[in-house]
Amino acid sequence: METARSAAFVVLERCRKRGEWANEGLRKTLKGMDAREAALATRLVYGVLQNRMLIDTYLEELSTLPLDKLDKNVLDILRLGGYQLLFMDQIPARAAVDEAVKLTKTRAKNPKTAGFVNAVLRNLDRQREELTKTIDGKWSKPEERWTRLSVQYSHPLWLVKEFAAQLDGDAQQVERLLAANNAPSPMTVQVNLCKTSTEELVKTLAAEGVSAEKHPWMADCLLLERTGDLEGLESFQRGLFYVQDPAARAAVLAAEPKAGEQIFDLCAAPGGKSFAAAVAMGGEGEIISRDIYPWKIAEIKKGAERLGLSAIRAVVGDATKPVEGSFDLVIADVPCSGLGIIGKKPDIRYKDPAQLGELTFLQEQILENAGAAVKPGGRLLYATCTLRREENEARVAAFLSRSSGRFILRREETLWPHRTGTDGFYYAVLEREAAV
């Protein structure tokens, strides 16, 4: 049976070697683990990823070898130990170091490396305050502010500059965004109004030992604590709620789905927007939820059945291909860089920026297909979970330019994590001209 630290190491190794996202690696690795050990492993993995660049800066001051020359397993172990020493006061330093040494003896290619790990981490513990002053003193000039924020919040410099460009160079706003990306993400669920009310669900959850608080600005949305195994709750199994960030639901509500309408959701997985639309319609109407992967379609069907949303028909299909038929509302939540959900997927920040340019052509393809499927007088919802103008406002502006007046922009909004407490999210609602 894995301990929390060994499980965290396994997840980091999977991310590094297989390119898995941390949340997926945790799901696979923590099956059957004691709840407390699983919680610690999760915090360790997310903590290392959220603070990796800063931890490495400390390690570089102490290591006798450049970090890029170290055995990658040893570097991951040092990062795990470093995170505990720098950020987890409730864990005794001795325990953090000793467990790292034990892990090194079983995971490093050369067992003698354990002495090196022991020395680096013990020196980090002893010299922490002095090292902090040294590191804080670096990049103190005004022109070095982006580099300082990059290291302090462990966001690659290109990404900090990208955010700075979106926020008009406001360093205070940029820092608040980076801090929000590193803060714990709340568990938010949406009430299935087709089966219960918000007040009744709060009572039901309380009886199951779950603390539920109304969201500050999204109606029929709850913030949950002490959920334990969320999917094991009777209220979940009865379909009284579904997990969704308020930003995604806000986008769907802005498109005003109405009872009896026909809706097409082009890139539907994992199904949240289809669920939100069906609930807003009171379950009356038809929603075709399409995605390219059969296993994702199976998950949408399973979710719709659990929630009792018979209006949803999930089908396999490619969003880059034309849509058959015409609809009152077409939803295009397109593949994107995901730079708005770093709070939930901290490893996204380490993406290769060279790949970002490949997304815009795909987004334009899907947007064209979506627009062609909108009835005269109908609406088109374009959405992403990124904060880049190139994938958001620029794509919508280009589409409107090509549409030669057939569509009108009715509403667009960017939700910023540090302002709204949600995922970073963009949406635009466009209306097609009515038939003459």
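The residues lining the largest cavity divide into four nonpolar, two polar and two charged. Here Ala, Val, Leu, Ile, Met, Phe, Trp, Tyr, Cys and Pro count as nonpolar, Asp, Glu, Lys and Arg as charged, and the others, Gly among them, as polar. This is a predicted model, in which local features need pLDDT of at least 70, side-chain atom pairs count only at pLDDT 80 or more, and totals for chains, interfaces and linings use all residues. Residues are numbered from 1 along each chain as its sequence is written, and side-chain values use heavy atoms, with hydrogens and water left out.

**Cavity and pocket**

Rolling a probe the size of a water molecule over the atoms shows where empty space is left. The search runs on a 1 Å grid over the protein atoms alone. A cavity is a set of points where a 1.4 Å probe fits but cannot get out. A pocket is an open set with protein on both sides within 12 Å along at least five of seven lines. Lining residues have an atom within 4 Å of a point. Grid points are joined across faces, edges and corners, and a volume is the space filled by probe spheres set on the points.

The structure holds one cavity of 30 Å³ or more. The volume of the largest cavity is about 40 Å³. Its lining consists of Arg 5, Ile 77, Leu 80, Gly 81, Gln 84, Glu 99, Ala 100 and Leu 103. Both α4 and α5 (93–107) supply at least two residues each to this lining. α4 gives the most, with four residues. Helices (H or I, at least four residues) and strands (E, at least two) are DSSP runs, numbered from the N terminus.

The second largest pocket holds about 380 Å³ of space. It is lined by 15 residues, and Leu 12, Cys 15, Arg 16, Leu 49 and Arg 52 are the closest to its centre. α1 (4–18), α3 (35–62) and α4 (72–87) are the elements that give two or more residues to this lining. The largest share, four residues, comes from α4. By class, the pocket lining has seven nonpolar, one polar and seven charged residues.

**Backbone and loops**

Most residues other than glycine have a negative phi, and most peptide bonds are trans. Which peptide bond is cis, with omega near 5°? The bond from Ala 269 to Pro 270. Pro 270 sits in the loop between β5 (262–265) and α14 (272–280).

Buried means under 20% relative accessible area, exposed over 50%, and partly exposed in between (1.4 Å probe, protein chains only). Asp 220 has a relative accessible area of 25%, so it is partly exposed. Ser 404 counts as exposed because its relative accessibility is 66%.

Asp 229 belongs to the loop between β3 and α12 (234–237). At 57% relative accessibility, Asp 229 counts as exposed. Its C-alpha atom is separated by 20 Å from that of Gly 272, 43 residues apart along the chain.
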